[in-house]
Amino acid sequence: MDFTIPPLLTAMVDRGNGLLWGSVLIYLLIGAGLYFTVMTRGIQVRYFGHMFKLLRSSRQSNGGISSFQALSTSLAARVGTGNLAGVAVAIYFGGPGAIFWMWMTAMVGMATSFVESTLAQAYKVDHGDNTFRGGPARYIERGLGLRWLAVLFSICLIIAFGLAFNSVQANSIAQAMEQAFAIPTWAMGLVLMAVVAPIIFGGLKSIAKVAELVVPLMALLYLVLALVVVGLNISDLPAAFMTIIKSAFGIEQAAGGAMGYAISQAIMSGIQRGLFSNEAGMGSAPNAAATASTRPNHPAAQGFIQMLGVFLDTLVICTATAAIIIMAGPELLMSDENNGIQLTQMALSSHVGEWGGMFIAVAILLFAFTSVIANYSYGESNIEYLAGRRAPVAVLIYRLAVLGMVMVGSVASLGAIWNFADLSMGMMAIINLVAILLLSPIAFALFRDYDTQLKAGKEPVFDPSQFPKLADKVDPNAWPKRK
């Protein structure tokens, strides 16, 4: 079964994606990240250790959603097939040097993630069940007073993350299970629906609990295997690292006169795949960040925690995949038959034997499954924002639609639906980036407030009354004024 979009609409979608992802978004995302890095004087470097310190005390939530659970939920969405197939695609088209530019993208993206997640916390609203809701839609309306733009953002997010991407993730699971274990795609679709249904019907608390258990486990298992591969090839590690650096700057291609082209391909592939992987600036992760009951009780605390998510996704997990592929040798990279997930499977099999391909299939199952439930949670938060008092009915319809898309994705060839989802995500990213650039002075002020209290030896506490531009815009139930 093949789901296609009419040719004219397909051409328009392709042209829109070419414009957004080929130039506008790359410059906007990198430019914003550099601006936030400069304005915070390298927050991702100066506070690197502080991120881990906060993580140790982030599990307590007083019955709500903890900072660790919010981080796990955002990682569940970030860590998906892109960490396996996306890295392979970047290396195939941009060479090993693409990995260096993925690292650079993640470094500046950490500052962007801090800004958008801090704003999401500041403008979050009380949900009445000891949890909170928030994200770009809330800070666009409350901070900028642009309800229509907030609505447009929510619609784009629901289309991209809530529906289309969940079909794509389900398709990845079904195809991997069919290839590795001969499980029919329709059967896998039914199994996925049966497993996903009770989790999403349990609401955001249920999703946070599952993410808290599954995400650290799946990431740890994958990293352990990558370390084993590196250990088996430890003598090749310096050469692999040098290959990345030389390829990133076209040193090996200089002799052949192709230096400029090689560098441009490495930069474009690395930046694009890096942005797709860590989602910094996209406006997706702030929806998870806003749900947390932070400790310390300050918006910037969740900003630091979510900044760590970008680091773990790209600089840790994507690097693990890159190590597996590059250490497999140049012969594998030159094969035209392996340019996606097959490249990762072949590379791992070359290190550990045939069971490597099966391991990747299971990894895809876990990575993509957690992405499905996390993507759903982003959509639910925005459905509630749009529906208002009619939210219970709207959420029920949305849940049924998500289960339907999971089944469709399992058995169908999605065709141009993926490109349409990319266009929706590109539009929401532009809306979010413009919003956080306009609201960045507030994020910077919150950072300075947190930093001042921290350096004074105090546990930072957010007092809305100390911020004239925020005092009348925050939810008093989420951030009560302090005496």
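1. Val-224 is partly exposed, because its relative accessible area is 43%; buried means under 20% relative accessible area, exposed over 50%, and partly exposed in between (1.4 Å probe, protein chains only). The residue sits in helix α10, residues 203-232. Helices (H or I, at least four residues) and strands (E, at least two) are DSSP runs, numbered from the N terminus. This is a predicted model, in which local features need pLDDT of at least 70 and side-chain atom pairs count only at pLDDT 80 or more, while totals for chains, interfaces and linings use all residues. Residues are numbered from 1 along each chain as its sequence is written, and side-chain values use heavy atoms, with hydrogens and water left out.

2. Val-224 belongs to a nonpolar surface patch together with Leu-220, Val-228 and Leu-232, and the four have about 370 Å² of accessible area together. Patches are made of residues with over 30% relative accessible area and no salt bridge; nonpolar side chains (Val, Leu, Ile, Met, Phe, Trp, Tyr) are joined within 5 Å, and like charges within 9 Å. The areas come from the Shrake-Rupley method with a 1.4 Å probe, and for residues only the protein chains shown count as cover.

3. The structure has four salt bridges, each defined as a side-chain nitrogen of Lys or Arg within 4 Å of a carboxyl oxygen of Asp or Glu. One of them joins Glu-384 to Arg-133, with the closest N and O atoms 3.0 Å apart. This pair links distant parts of the chain: Glu-384 is in helix α17 (residues 355-387) and Arg-133 in strand β3 (residues 132-133), 251 residues apart. Glu-384 counts as buried because its relative accessibility is 14%. Arg-133 is also buried, with a relative accessible area of 3%.

4. The side chain of Glu-380 meets that of Arg-399 at 3.4 Å, N to O.

5. Lys-455 is exposed because its relative accessible area is 62%, whereas Asp-451 is buried because its value is 8%.

6. Asn-382 is also found in helix α17. Asn-382 is buried, with a relative accessible area of 1%. Leaving out residues up to four places away in sequence, Asn-382 touches Ala-137, Phe-153, Ser-154, Leu-157, Ile-158 and Asn-287. Contact here means heavy atoms within 4.5 Å.

7. Tyr-123 lies in the loop between α6 (97-122) and β2 (125-126). Tyr-123 is buried, with a relative accessible area of 0%. Beyond its neighbours within four places in sequence, Tyr-123 has contacts that include Arg-138, Tyr-139, Arg-142 and Gly-143, as well as Leu-439, Ile-442, Leu-470 and Lys-473. The C-alpha atoms of Tyr-123 and Pro-136 are separated by 9.2 Å, the two residues being 13 apart along the chain.

8. The count of aromatic pairs comes to 20. Rings of Phe, Tyr and Trp (its six-membered ring) pair if their centres lie within 6.5 Å; planes under 30 degrees apart count as stacked, over 60 as edge-to-face and the rest as tilted. Tyr-47 and Phe-447 are an edge-to-face pair because their planes stand at 80 degrees, with the ring centres 5.6 Å apart. The pair links distant parts of the chain, with Tyr-47 in the loop between α2 (43-46) and α3 (48-56) and Phe-447 in helix α19, 400 residues apart. Tyr-47 is buried at 7% relative accessible area, and Phe-447 is buried at 6%.

9. The rings of Phe-462 and Phe-467 also have centres 5.6 Å apart, but their planes are at 50 degrees, so this pair is tilted. Both residues are buried. Elsewhere, ring pairs link Tyr-47, Phe-114, Phe-304, Phe-447 and Tyr-450 into a cluster.

10. A search of the whole structure finds zero disulfides, a disulfide being a pair of cysteine sulfur atoms within 2.5 Å. Cys-156 is buried, with a relative accessible area of 5%. Cys-318 is buried too, at 2%.
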